[in-house]
Amino acid sequence: MLSYIVRRLGIGLITLTLITFIIYGLIRNMPGSPVTQELSQLDPGKAISQEDYERILKSYGLDKPWYVAYGVWVKNVLQGDLGRSFSRKRPVTRLVMERVGPTLLLSVSSLLLTYLLSIPLGLIATARAGTIEERTGSTILYMLYSFPSFVAALFLQLQFAVRMGWLPLFGMVSDNYDSLSPFGKVSDVFWHSLLPVTCYTYGSLAYYSRFIRANMQEVIRQDYIRTARAKGLGPVRVLWHHAFRNTLIPLVTLIGLTLPTLLSGSIIIEQIFTWPGMGRLFFESIRERDYPTIMGLTLMFSVLTLAGQLLADVLYAVVDPRVRLEDK
Amino acid sequence: MTGEENVIDPQGEPAPTPAGPQLAVIPKSPGFWKEAWRRFRIRKLSMTAFVFVVLLALVAIFSPAIAGTKPIVVKYKGRLYFPAMAYFNASWENPIFTQDKFRKRYPKNLEEKDPESWAIWPLSFNDPYRRVQEEEWPGRPGNPTQVDGKPSSLNWFGTDQRGVDVFAQMVHGSRIALLVGFVSMGIASAIGIIVGALAGYFGGWVDTLLSRVIEVVLCIPTLVLILALLAIIEQVTIWHMMAIIGATRWTSIARLTRAEFLKLKQMDFVSAARATGVGPIRIMFRYLLPNALAPVLVPITFGIASAILIESSLSFLGFGAPPPNPSWGTLLSAGRSNYQLWWLIVFPGTAIFLAVLAYNLIGEGLQEATDPRLRDADG
């Protein structure tokens, strides 16, 4: 197992280098540079001299060709330095630290909700398989699964924020946040997060409960379930203790694969709700041509994706003794 | 995903399980695809979705006849013209109307310049690119703008901020949705099938190399890669978007093709073909691909849904083709700038949802109709 993990880590490192190299090359070849973006925001009459321009380029390390600059970036990353954001003049690490909280707030609460709701839903669907309610429920869940989250976000905003006025339209906190009591602050964030959390949850809820139902359907045809029923166990005990436990293995793989989405956030949902999270940071940094931030986030997402895949494979071997990790 | 029982001989007919002795061969059993179609047809939801997609395609093809300000057929100065075709390609507008200074205003000009003329008009007299002015059509008021543009008998789905009819934009936008789905997935399937076929058939270092490439593309978050690629292009058009979506969405197709080829190339009919001297290219595309096609079609169908989704979300974020571009996502983003105009969110949003749902349902139906494991379960 250890040699397998080491081998996978080695391959992952190569993949990582390739990804960052490609993205670095792409973003450095985008039209416009952070310098021009910044200047256009200043007074347009204040055109700077060619010397100043070159001085700025040099201080940002943009005077070198991109593949050389990539080498510099890698060297800095290996020393634990992700660089400073061009547009925000702050270290990328600190920017990420600020934005990761709001994203985690949404993704973790949505993940918990998903598990809390989808397991009972999936089990009920199995218990009632074939009945009218179950079919209707499954069809509705399937429709929810196909419902694009950004359309849902707009519909929810329209209904609950604009028409009914029950919930805030966007943002994470109200304007008077600082003057609120500690309890008021918590409830303020809670009300603001309701709609985004719903948008995050409903799709994965539909996906997970369908997933659980599909796996359960396979398991309850097994002989040991028939044995359990035959020896007189109640339906709840059969479903929960005998069947559901054996569907946990595929669920474990899913957990590994959700790891990157926990931190990456959703660009479009955060954009719609102007939620100050990671997705929005990425969106803004692309617009501002903020190379260090784009690279820092790309690196983080790719590491998480690869780690998630590795985790899924390793967990799979841990929970299922029949699976052996070998070199192909 | 598919079972090991997926044993199909090169003629594309399902064979009995490999080990069992073949006792009796039923003469002329229905072909694989005919059988799959029969199984697909009995699934009501998938069939409804299929009908919906066909309808959508018809709307897209006949969009200039459904909504527009140019006549479908016109008899002008003794000759027949089809000015509505200009909605497909601006250069198809018959030159005579430019010479006669119509300036894209047909109803009045036709009457003034040739009282003898007659014309067949689209169902809804509205233009997807501009506001219809007052008296442009005799007796018809101009399109309302901003909050006055509620759905009405003249503007079925309302009008946007500038007074452009939403229904017309959606009808013409269905062309984009349809094209994006098929063109980008066409590109993705071509790349995915070729990469997967090469990796699966040759194995060895070719496989190692291509698998690494697949992994790299797979690990870059889709939206990140697409945004980075889009940012490089100076003037983004809808064709660029299709190419980019196609160039980034091929990994699942490649992985599936590879897995199918790895499995299929062990079969006796491949060894037989090789022994008779058939070349590798011919084996890959004439012998293996037809047998691997059914499972590969499923991710392609789901891919169409996701391509439509990606295009509309990019247009929504403002990264799409520049206006005038009647994409459904562009309409949604116009709705977001003023929530009072609920019709700008509800109608295009529903259209995107239905299109995505339809392709997902078709994909689902296809999967259950062609996957032998599921077939055996109900057969």
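Analyst: In this predicted model, strands E2(B) and E3(B) form a hairpin with two residues between them. Within that turn, B:Lys77 adopts a positive phi of about 50 degrees. E2(B) and strand E3 (residues 79-81) of chain B run antiparallel and are joined by three bridges, with B:Lys75 placed opposite B:Leu80 in E3(B). Strand E2 (residues 73-76) of chain B also pairs with strand E4 (residues 118-120) of chain B, again in the antiparallel sense and over three bridges. In that pairing, B:Val73 faces B:Ile120 of E4(B).

The contact between the chains comes next. Here 41 residues of chain A are in contact with 40 residues of chain B. The area buried between chain A and chain B is about 3,700 Å², and carbon and sulfur atoms give 79% of this area. Between the two chains the count is one salt bridge, and the side chains of A:Arg210 and B:Glu364 meet in a salt bridge at 2.7 Å, N to O. Seven residue pairs are found in polar contact across the interface of chain A and chain B, both residues being at pLDDT 80 or more. On the side of chain A that touches chain B, helix H1 (2-28), helix H6 (132-146), helix H7 (149-163), H12, H13 and H14 each supply at least two residues. H7(A) gives the most, with eight residues. By residue class, this side of chain A divides into 27 nonpolar, 10 polar and four charged residues.

Helix H13 (residues 278-287) of chain A is mostly covered, as nine of its 10 residues are buried. Among them are A:Arg280, A:Phe282, A:Phe283 and A:Glu284. Within chain A, the buried residues of H13(A) pack against helix H5 (92-127), helix H11 (248-264), helix H12 (267-272) and helix H14 (291-319). In chain B, they pack against helix H8 (222-232) and helix H12 (280-317). Just after H13(A), A:Arg289 takes a positive phi of about 55 degrees.

A:Gln271 lies in helix H12 of chain A. Why does A:Gln271 count as buried? The relative accessible area of A:Gln271 is 14%, and the residue is therefore classed as buried, the limit being under 20%. Not counting residues up to four places away in sequence, A:Gln271 touches A:Arg280 and A:Phe283 as well as B:Leu317 and B:Arg336. Both A:Arg280 and A:Phe283 are listed among the buried residues of H13(A).

Definitions and conventions
Residues are numbered from 1 along each chain as its sequence is written. Chains are lettered from A and ligands numbered from 1 in the order in which they are written. This is a predicted model: local features need pLDDT of at least 70, side-chain atom pairs count only at pLDDT 80 or more; totals for chains, interfaces and linings use all residues. Side-chain values use heavy atoms; hydrogens and water are left out. Buried means under 20% relative accessible area, exposed over 50%, partly exposed in between (1.4 Å probe, protein chains only). Helices (H or I, at least four residues) and strands (E, at least two) are DSSP runs, numbered from the N terminus. Contact means heavy atoms within 4.5 Å. Buried area is the accessible area (1.4 Å probe) that two parts lose on being put together, summed over both. A salt bridge is a side-chain nitrogen of Lys or Arg within 4 Å of a carboxyl oxygen of Asp or Glu. A polar contact is a pair of N or O atoms within 3.5 Å; within protein, one must be able to donate a hydrogen and the other to accept it, and residues adjacent in sequence count only if both atoms are side-chain atoms. Ala, Val, Leu, Ile, Met, Phe, Trp, Tyr, Cys and Pro count as nonpolar, Asp, Glu, Lys and Arg as charged, and the others, Gly among them, as polar. Two strands pair if DSSP finds at least two bridges between them.
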